[in-house]
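Welcome, and please open the model in your viewer.

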Amino acid sequence: MVSGCRTFSFYAQAIKGQYYILAHRQEVRKLLADPRTPQRLKHRLEVMENLRSFAAEKLRLPVDGHYLKYVDVHRPFVVWNVEAAPEFSMQPATWWYPLVGSLEYRGYFSWPGATNYAAYFRRKGYDVAVAGVQAYSTLGWFKDPVLNTFLFDPDGELAETLFHELAHQQVFAHSDTDFNEAFATTVGQEGARRWLQSRGDATGLQDYLDHLRRNDDFVHLVMKTRLRLETLFGDERTEDGKVKAGRGKRKDPGDGLHQQKQRIYAEFQKQLAALKVSWGGSTEFDDWLARPINNAHLNSVAAYYDLVPGFERLLAANGGDLKKFYGAADRLSHKSKKERRELLKADLTSRHKNDPA
């Protein structure tokens with residue numbers, strides 16, 4: 001009964017949150033023509049118009065009426081995602097949704113809703129992470145609007161967000177968070193680079209490339225730490241490459257497993273602090289230094305980046321041709337999880353010619 005009530009409550013807030021966005025949309029063209037529209041907002045909406053055209057004409061993304069309206073939700077994030085993992089395993093919790101299948105997060109349109117659900121999981125002994133999300137895709141069920149939560153980001157990051165969300169409508173694999181997010185991340189980053197280059201914005205491009213370099217350093221550190229924790233916990237891998245808690249191999253928590261786990265996290269933060277120095281003091285990942293972190297936090301990063309190198313190789317194997325790349329990714333999406341993960345983890349550049357993907 002409790003589970004059923006929580007499920008009903010979740011979908012009720014999701015419907016309410018989506019309805020609010022639909023009910024408060026304003027047409028971008030009217031805002032641009034209205035002399036009362038703040039100049040800063042007009043400028044950013046003009047940038048969005050340029051990004052939409054570039055996405056359709058150069059990136060071959062399904063723009064199709066998306067981002068023609070604007071909504072100010074009057075908060076810094078549109079939703080907050082809750083993610084969870086056992087205290088002594090890197091196996092992510094999953095939730096099932098109609099149409100899209102199992103995903104590794106649960107999204108709430110309010111901070112209290114997310115934190116209340118997170119508290120429920122903490123009481124069950126899970127590591128939990130709550131993270132604000134600036135944008136999401138309805139996968140074509142609605143025409144997604146421009147939101148204040150991402151509109152005022154730096155140009156390169158704004159471009160990446162827009163192209164990332166549109167990419168979800170280009171290729172989407174049922175019940176495979178890692179595949180979907182890594183594909184969209186690859187498209188978003190490649191699209192942002194191409195857009196900045198097309199504008200001749202050398203400074204903006206360099207700023208964005210520096211951001212990607214810092215992000216790559218951070219992701220590498222997360223993946224290395226995550227692997228150490230998998231080994232510590234005795235985690236195993238399923239046939240499709242997903243992490244699952246090992247049976248009968250994990251040490252008893254009473255033998256110092258908790259202390260070893262905390263020591264690994266302390267080393268992670270020490271190494272991140274060293275990276276910050278090498279970046280010239282960038283504050284981009286300061287929240288990871290300022291708070292306790294746990295298994296769920298690391299999983300939230302892995303979901304977006306674990307398969308990105310494979311998609312980057314697939315793009316290179318198709319000569320940088322996005323149309324061919326989308327076709328190859330779409331064919332992968334129709335394979336089993338095991339097959340597509342094996343292909344993305346392999347050296348796709350050398351085997352592309354003989355591989356049906």
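**Before you click**

This is a predicted model, in which local features need pLDDT of at least 70 and side-chain atom pairs count only at pLDDT 80 or more, while totals for chains, interfaces and linings use all residues. Residues are numbered from 1 along each chain as its sequence is written, and side-chain values use heavy atoms, with hydrogens and water left out.

**Stop 1: the whole chain**

Show the protein chain as a cartoon and you will find 15 helices and 10 strands. Helices (H or I, at least four residues) and strands (E, at least two) are DSSP runs, numbered from the N terminus. The C-alpha atoms fill a box of roughly 70 × 50 × 45 Å along the principal axes. A compact globule with 357 residues would have a radius of gyration near 21 Å, and the protein chain agrees with its 21 Å; this radius is taken over C-alpha atoms, and the globule rule is 2.2 Å times the number of residues to the power 0.38. Buried residues account for 50% of the 357, where buried means under 20% relative accessible area, exposed over 50%, and partly exposed in between (1.4 Å probe, protein chains only).

**Stop 2: a sheet of three strands**

Next, select S6, S3 and S7, which form an open sheet in the order S6-S3-S7 with antiparallel pairing. Strand S6 (106-108) and strand S7 (126-133) each have a single partner strand, so one side of each has no neighbour in the sheet. Neighbouring strands here are turned by 25° against each other on average, direction ignored. Zoom in on strand S3 (residues 79-86), which eight bridges join to S7; two strands pair if DSSP finds at least two bridges between them. For one example, pick Glu83 and find its bridge partner in S7, Ala129.

**Stop 3: helix H11**

Axes are lines fitted to C-alpha atoms, for helices over the stretch in contact, and angles run from 0 to 180 degrees between N-to-C directions. How many of the residues of H11 are buried? The count is 10 of its 11, and among them are His297, Leu298 and Val301. At the N-terminal end, look for the cap: a side-chain oxygen of Asn294 lies 2.9 Å from the backbone nitrogen of Ala296.

Bring in helix H7 (residues 177-198), which packs against H11 at an angle of about 65°, with the axes 6 Å apart. In H7, Thr177, Asp178, Glu181, Ala182, Thr185 and Gln189 meet Ala303, Tyr304 and Tyr305 of H11; contact means heavy atoms within 4.5 Å.

**Stop 4: Asp235**

Select Asp235, in the loop between helix H8 (202-233) and strand S9 (236-237). Is Asp235 buried or exposed? Its relative accessibility is 14%, so Asp235 counts as buried. Its side chain makes a polar contact with the side chain of Ser89 (2.9 Å); such a contact is a pair of N or O atoms within 3.5 Å, and within protein, one must be able to donate a hydrogen and the other to accept it, with residues adjacent in sequence counting only if both atoms are side-chain atoms.

**Last stop: Tyr117**

Finish in helix H4 (residues 111-123), where Tyr117 sits. Tyr117 counts as buried, at 8% relative accessibility. Draw a line from Tyr117 to Lys58: they are 59 residues apart in sequence and 42 Å apart in space, C-alpha to C-alpha.
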